[in-house]
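This report is for a reader who is new to the structure shown below. It goes through a few local features and helix contacts in turn.

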Amino acid sequence: MEVSTTLWVLTIVGLAALIAVDFFIGRKPHDVSIKEAGIWTVVWIVLAALFGLGLLVFSGGQPAGEFFAGFITEKSLSVDNLFVFVLIMAKFSVPSQYQQRVLLIGVLIALVLRAIFIAAGAAILSSFAWVFYIFGAFLIYTAWKLIQEARADESEEEWEENKLLKAAERRFGVADRYHGTKLWIEQNGKRVMTPMLVVMLAIGTTDVLFALDSIPAIFGLTQDPYIVFTANAFALMGLRQLYFLIGGLLKKLVHLSYGLSVILGFIGVKLVLHALHESGVHVPEISIPVSLGVICAVLIVTTITSLMASKKQAAAEAAQKETEGTPQDSVEAGRPQA
């Protein structure tokens, strides 16, 4: 795509306006209901779909297909982020009425940092085609690592602060409690951060670690920085509402890691084939329609098998509890009535 500076500016202004509306509506701290989260989740998905249709009308099927494939991939990878967000919220004991504000600012920080990653990635790929080999190998390794972690079936992890966050806390100090939505306060004559600011930074900077696989993944689907950025923006901006909508459903997606590993491995192979093609080797390349079909199919199968496995596990646990309670019930039934 030939994207003018004017289009870039209009796109950023448009996204900023949508974020401002989102912020204005949810500016008052409150507990987010399932209804509110559901409505806004649908709104962001519809906006992404309209943007993709706009690309289809004005730029053709190729850019539109790349956007939808990138958006779905980034959305599915971002769901994995929610597990860590839950751990962070618990770690900092964030009051429920403040969680939506934390996620909004945290996601904005993540979006800015990802924009820097995207710009750097686009510059590197345009100058050094061999980087596709590195991206492809990294995604295949990440896919294998995800499978290993899923098979390990470890108990719930505990989130640890990164070095950047620890350095900020040492440098500025942190208040001992939340002060509403304030980010800085005066304490003992010194200006210190509140836990609210710390958890926002935690959300934003932790997302950078996820960007290490999601950015190469989307560059495996499209090398257009405009599509990469917009797909990431729409996927991230709907993440806050998704957190409240499927927070209780996350534990039921037991096969999510397997599905994500298949997607990352598939895109990694696609990148390697593309790199070989760029090097003059005659190998088949995977088209965007095929990529989109594989990604959607994997996510559908993963969701169905996850829900089936969770239902089966819940039934087994219920049967076990019933069995364990049977002897006691029998004793109680055999006692003479007073």
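## Surroundings of T41

Leaving out residues up to four places away in sequence, T41 touches Q241, L242 and L245. In this predicted model, T41 belongs to helix α2, which covers residues 34-59. Its relative accessible area is 7%. Buried means under 20%, so T41 counts as buried.

## The nonpolar core

The largest nonpolar core contains 81 residues. Those with the most contacts inside this core are F67, F92, V94, V102, F219 and F234. Helix α7, residues 195-219, contributes the most to the core, giving twelve residues.

V102 has contacts with M89, V94, M196, V199, M200 and I203, when its neighbours within four places in sequence are set aside.

## S93 in a loop

The loop between α3 (61-91) and α4 (99-127) holds S93. The phi angle of S93 is near 50°, which is a positive value in a residue other than glycine.

Is S93 buried or exposed? Its relative accessibility is 54%. The cut-off for exposed is over 50%, so S93 counts as exposed.

## Helix α1 against α8

Two packed helices are described by the angle between their axes and the distance between the axes. For helix α1 (residues 5-25) and helix α8 (residues 225-237), the axes come within 12 Å and cross at roughly 0°. Because of this angle, α1 is roughly parallel to α8.

On the α1 side, the contact is made by L7, W8, T11, I12, L15 and I19. On the α8 side, P225, Y226, F229, T230, A233, F234 and M237 take part. Sorted by class, the contact of α1 with α8 has eleven nonpolar residues, two polar residues and no charged residues. F234 of α8 is also listed among the residues with the most contacts inside the largest nonpolar core.

## Helix α1 against α4

The axes of α1 and α4 come within 11 Å, and they cross at roughly 165°. Angles over 145 degrees count as roughly antiparallel, so α1 is roughly antiparallel to α4. The crossing of these two helices, α1 and α4, is left-handed.

Which residues make the contact? From α1 they are I19, D22 and F23, and from α4 they are R101, L104, I105 and L108. The contact of α1 with α4 divides into five nonpolar, no polar and two charged residues.

Methods: Residues are numbered from 1 along each chain as its sequence is written. This is a predicted model: local features need pLDDT of at least 70, side-chain atom pairs count only at pLDDT 80 or more; totals for chains, interfaces and linings use all residues. Side-chain values use heavy atoms; hydrogens and water are left out. Axes are lines fitted to C-alpha atoms, for helices over the stretch in contact, and angles run from 0 to 180 degrees between N-to-C directions. Helices (H or I, at least four residues) and strands (E, at least two) are DSSP runs, numbered from the N terminus. Angles under 35 degrees count as roughly parallel, over 145 as roughly antiparallel, 65 to 115 as roughly perpendicular and the rest as oblique. Contact means heavy atoms within 4.5 Å. Ala, Val, Leu, Ile, Met, Phe, Trp, Tyr, Cys and Pro count as nonpolar, Asp, Glu, Lys and Arg as charged, and the others, Gly among them, as polar. Buried means under 20% relative accessible area, exposed over 50%, partly exposed in between (1.4 Å probe, protein chains only). A crossing is left-handed if the near helix is turned anticlockwise from the far one by less than a right angle, and right-handed if clockwise. A nonpolar core is a set of buried Ala, Val, Leu, Ile, Met, Phe, Trp, Tyr and Cys residues joined through side-chain atoms within 4.5 Å.
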